Amino acid sequence: MATPYLTHPARIVARRTETAGIYTFTTRFVDPAARAAFRFRAGQFNMIYAFGVGEVPISIVSDPEDPATLEHTIRIAGRVTGVMAKWDVGDVVGVRGPYGNGWPVERARGRDVVIVTGGLGCAPVVGLINYIFRRRDQYGDLHILHGVKTPNDLLYRERFDQWRREPRTRVYLTTDHPDKSWHYRIGVVTELFDELAAPASAIAMMCGPEAMMRLAAHALRAKGIADDAMFMSLERRMECAVGMCGHCQYRENFVCKDGPVFSWRAVKELTRVSGL
Amino acid sequence: MNEATRMPKAALDNLIAILGREGYRVMGPVARDGTVAFDEIRSAADLPVGIRDAQEAGRYRLAPGIDGEIFGVVNGAGSLKPHFFAPAEPLLEIRRERRGFKANEIASAAPPHAFIGVRACDLAALAIQDRIFLHDRFRDAHYELRRKDAFFVAVDCTRSAPTCFCVSMKTGPRATAGFDLALTELPGGFVARPGSPAGEAMIVKLGLSAAGGADEAAARALIDECARGMGRRMDTADLPRLLYDEAENPRWREVAARCLSCANCTMVCPTCFCHTVIDQTEIDGNMSRRVRKWDSCFSLEHAHIHGINLRPKIHDRYRQWLTHKLASWIDQFGSSGCVGCGRCITWCPAGIDLTEEVAAIRASAGKG
Ligand SMILES: Cc1cc2nc3c(=O)[nH]c(=O)nc-3n(C[C@H](O)[C@H](O)[C@H](O)COP(=O)(O)OP(=O)(O)OC[C@H]3O[C@@H](n4cnc5c(N)ncnc54)[C@H](O)[C@@H]3O)c2cc1C
Ligand code: SF4
Ligand code: SF4
């Protein structure tokens, strides 16, 4: 008997504070067999368990080539992630996975990649960007677009500045409400698309608030990018991650097993109705 | 052997006794709390003999029926569901250790169950739950443990409740699959037919002999009459397209004004599978159990993620429930999520009737 809910102890071997309230934990399964058996694809996620509190879905941001060491960037958002803020090196946490389909990194090979994020930064996208940089010659130009409400919401500012210096990489940043420190664009994320110089053959991958992704999809469509060449990572509540608990349903989709990454073609119709 | 046999009513006690000797915990519809639910039985006397149910939207009563009729109650609030997909069940025991913790599965060691008096709709519902818990990408070990050794004695419906619509959902009133033995109750005895090798063996153990053509014809006639007199119906033609296209039909708001979001419909539904998993921690803090509990798409937490409820309005939640049941379920699992048992109609305190809601949406489609 093996319940799909079985979680496996994993030890935290490193902890990094990204910014106040966002931490990256590096973990290794305690059981060497579990460590050896684990494989994942870019954009998949794990269920992370806090003893006595609960379990939440969290993306894997480290590189799939090193599946023995897993990195998760966690934003403190509520009851379960709240206790994760106190986790430190040496602590043992529960990990089970990997789940979901992941980013279409194979399909993107040889093409320009447009990455759109918004809001409080998006961990899955950081993993994706690092994945592409590690295999830079396999991909065309990289266009990173990111919009925030206020400059204070721009996490990883140094990281954006670092990406901007990479070859064949363009970073487009914007804010709705600038302050004196802001030397990027002003306006909503969709206005960034006026500047975007990506060919119609590019593939787009997005993560962030759904309203933002919807606007971005329309803007990219106007640039000639096809509905089935745009992908977005969705977030829903998940208790099981294996298509049994019913929580992550998005009409006919189970976000846990049919997603979390969906093509715009698959969800376009759904995004028109609120509360689905 | 697939032929019908004649089974005297007194042989039911014999069947219960044999199943008991073979190690089964024998379950049957038992009257309690003003309704019936599957519970352990020792003899046919534990069944609601001579009792019938009176059901309507938002209303359920047990009342004197016909003397000697054993399976006069069509159905009650309790389906097979809680006996396979438990309402609350510990899945894991997580024990703190000096450096970390250890997670162990909790295996339930209950004896196999035999169910007597299962209706065709409930067998169809169990087959639907099998698709979720056994035949998808992952298998649920706790469900499988109880499911694999169960024995089912079906009873064909010769009478329907006014809330029933199994004919529309093509699941009844005659049991066609998923049973070991099926009975049709006639005034003077049962016609019994096997549905599996175990059922064939049981007929031999019971020493039943072939039924006469007249008995078989009488059984057929009663079932056919029941089908013709079905209380409700639902037009299922193109339902997924209809409900998807009508996601913004004003009817959702209209029904939401009556719906209390109490979740009764999802609790009594034999196919609803939503659940949550919570931690129950021992007082000393060294052991925590991961307990699975039924949940409902009507709860405020169901679509909650990091501080946002994605279905804040009752009409969002009612639409999710009905659209899942009748439309997206077909995309997900290849069949409707509704078997037409009518429980959600009977047990809704507001008397909301999904057949009526579907008809109203169909009638106003494209006009919204
Ligand atoms: C595929 C996927 C990938 C994700 N990747 C990441 C990632 O890489 N990094 C990241 O930071 N986030 C990620 N998320 C989001 C993350 O899963 C959520 O932020 C997290 O689930 C929030 O959990 P919480 O308990 O901290 O927040 P809450 O919103 O407080 O709670 C979560 C749930 O617990 C319930 N709850 C709250 N309080 C109680 C209580 N007292 N008793 C009982 N129940 C209660 C709530 O109803 C809620 O549904 C991802 C989500 C998905 C779906
Ligand atoms: S939706 Fe209602 S009628 Fe259909 S199976 Fe569930 S409880 Fe029965
Ligand atoms: S439809 Fe009826 S039973 Fe279901 S949640 Fe609404 S009020 Fe409760």
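## Helix crossing in chain B

In this predicted model, H11(B) and H13(B) are roughly perpendicular to each other, because an angle of 65 to 115 degrees counts as such and theirs is roughly 90 degrees. The two axes come within 12 Å. H11 spans residues 314-333 of chain B, and H13 spans residues 354-364.

H11(B) makes the contact through B:Tyr318, B:Trp321, B:Leu322 and B:Leu326. H13(B) answers with B:Leu354, B:Glu357 and B:Val358. By class, the contact has six nonpolar residues, one charged residue and no polar ones.

## The buried side of H13(B)

Which residues of H13(B) are buried? They are B:Leu354, B:Thr355, B:Glu357, B:Val358, B:Ala360 and B:Ile361. In an α-helix, residues three or four places apart point the same way, because there are 3.6 residues a turn.

The buried residues of H13(B) pack against several helices of chain B. These are H8 (239-245), H9 (251-258), H11 and H12. Just after H13(B), B:Gly366 takes a positive phi of about 80 degrees.

## Around ligand 2

The shell around ligand 2 holds 13 residues. B:Cys269, B:Cys338, B:Cys341, B:Gly342 and B:Cys344 come nearest. H11 and H12 (343-346) of chain B are the elements that give two or more residues to this shell.

How does the shell divide by class, and how many residues are charged? Two are charged, two are polar and nine are nonpolar.

## Interface between chains B and A

Chain B brings 55 residues into contact with 43 residues of chain A. The area buried between the two chains is about 4200 Å². Carbon and sulfur atoms give 57% of that area.

On the chain B side, B:Phe101, B:Glu105 and B:Phe138 lose the most area to chain A. Together they account for 15% of what that side buries.

## A:Glu18 in strand S1

A:Glu18 is found in strand S1 of chain A, which covers residues 8-19. Is A:Glu18 buried or exposed? A:Glu18 has a relative accessible area of 18%. A residue counts as buried under 20%, so A:Glu18 is buried.

Leaving out residues up to four places away in sequence, A:Glu18 touches A:Tyr23, A:Thr24, A:Thr73, A:Tyr156 and A:Arg159. The C-alpha atoms of A:Glu18 and A:Gly147 are separated by 18 Å. Along the chain, A:Glu18 and A:Gly147 are 129 residues apart.

Technical notes
Residues are numbered from 1 along each chain as its sequence is written. Chains are lettered from A and ligands numbered from 1 in the order in which they are written. This is a predicted model: local features need pLDDT of at least 70, side-chain atom pairs count only at pLDDT 80 or more; totals for chains, interfaces and linings use all residues. Side-chain values use heavy atoms; hydrogens and water are left out. Axes are lines fitted to C-alpha atoms, for helices over the stretch in contact, and angles run from 0 to 180 degrees between N-to-C directions. Helices (H or I, at least four residues) and strands (E, at least two) are DSSP runs, numbered from the N terminus. Angles under 35 degrees count as roughly parallel, over 145 as roughly antiparallel, 65 to 115 as roughly perpendicular and the rest as oblique. Contact means heavy atoms within 4.5 Å. Ala, Val, Leu, Ile, Met, Phe, Trp, Tyr, Cys and Pro count as nonpolar, Asp, Glu, Lys and Arg as charged, and the others, Gly among them, as polar. A residue is near a molecule or strand if one of its heavy atoms lies within 4 Å of it. Buried means under 20% relative accessible area, exposed over 50%, partly exposed in between (1.4 Å probe, protein chains only). Buried area is the accessible area (1.4 Å probe) that two parts lose on being put together, summed over both.
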